[in-house]
Amino acid sequence: TFWVRRGTTAMVAEGGFASLRERAQAAARARVEAALEGLEAYHATRAQELARELPGQCTEDLQALSPDFKFIVSCAILPKSGNFGLHASNACVWDAERDGSCTVQWENSAVFCLVNIFAVSLE
């Protein structure tokens, strides 16, 4: 269920972040795909630039989905050559009914990208 906050056209979720999770993942995935889809080789300088740019772009898209959350977005881009490993963990203390998180994983033959999204309700 969604309602429109007065003075804005943004859709606000009544069910907390859980009701926005799929749309948040789709928005982040679209940004990642647009940035990385044509990348045929890993270049450390370009990966560093993208890892700095993508979180801000994703945050803008997420705020357009709902201004009722503070969004925290992190991004890691790794080469997909050889045996690489990535072990990551996150911990949060929050309101489980309103707040939430999700992850977007994307890869092609050259790179692996991991985007973590955390949403903290402002209400």
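A polar contact is a pair of N or O atoms within 3.5 Å, where within protein one atom must be able to donate a hydrogen and the other to accept it. In this predicted model, the side chain of N116 makes such a contact with the side chain of T103, at 3.0 Å. N116 belongs to strand β5, which runs over residues 111–121, and, once its neighbours within four places in sequence are set aside, N116 is in contact with I72, V73, S74, N90, C102 and T103.

| Residue | Relative accessible area | Class |
|---|---|---|
| N116 | 11% | buried |
| S109 | 68% | exposed |

N116 counts as buried because its relative accessible area of 11% is under the 20% cut-off, whereas S109, at 68%, is over the 50% that marks an exposed residue. The C-alpha atoms of S109 and S81 are separated by 8.5 Å, although these two residues stand 28 residues apart along the chain.

Helix α1 covers residues 21–36, and its 16 residues should span 22 Å at 1.5 Å a residue, which agrees with the 22 Å between its end C-alpha atoms. Its buried residues are A24, A27, A28, V32 and L36; seen down the axis of α1, they fall within an arc of 145°, so they line one face of the helix. The face turned away from that buried side carries the exposed residues E22 and A34.

Technical notes. Residues numbered from 1 in each chain as written. Predicted model: local features only at pLDDT ≥ 70, side-chain atom pairs only at ≥ 80, totals over all residues. Heavy atoms only, no water. Helix = DSSP H or I, 4+ residues; strand = E, 2+ residues; numbered from the N terminus. Buried < 20%, exposed > 50% of the residue type's maximum accessible area, 1.4 Å probe, protein only. Contact = heavy atoms within 4.5 Å. Expected span 1.5 Å × (residues − 1). Arc of directions from axis to C-beta.
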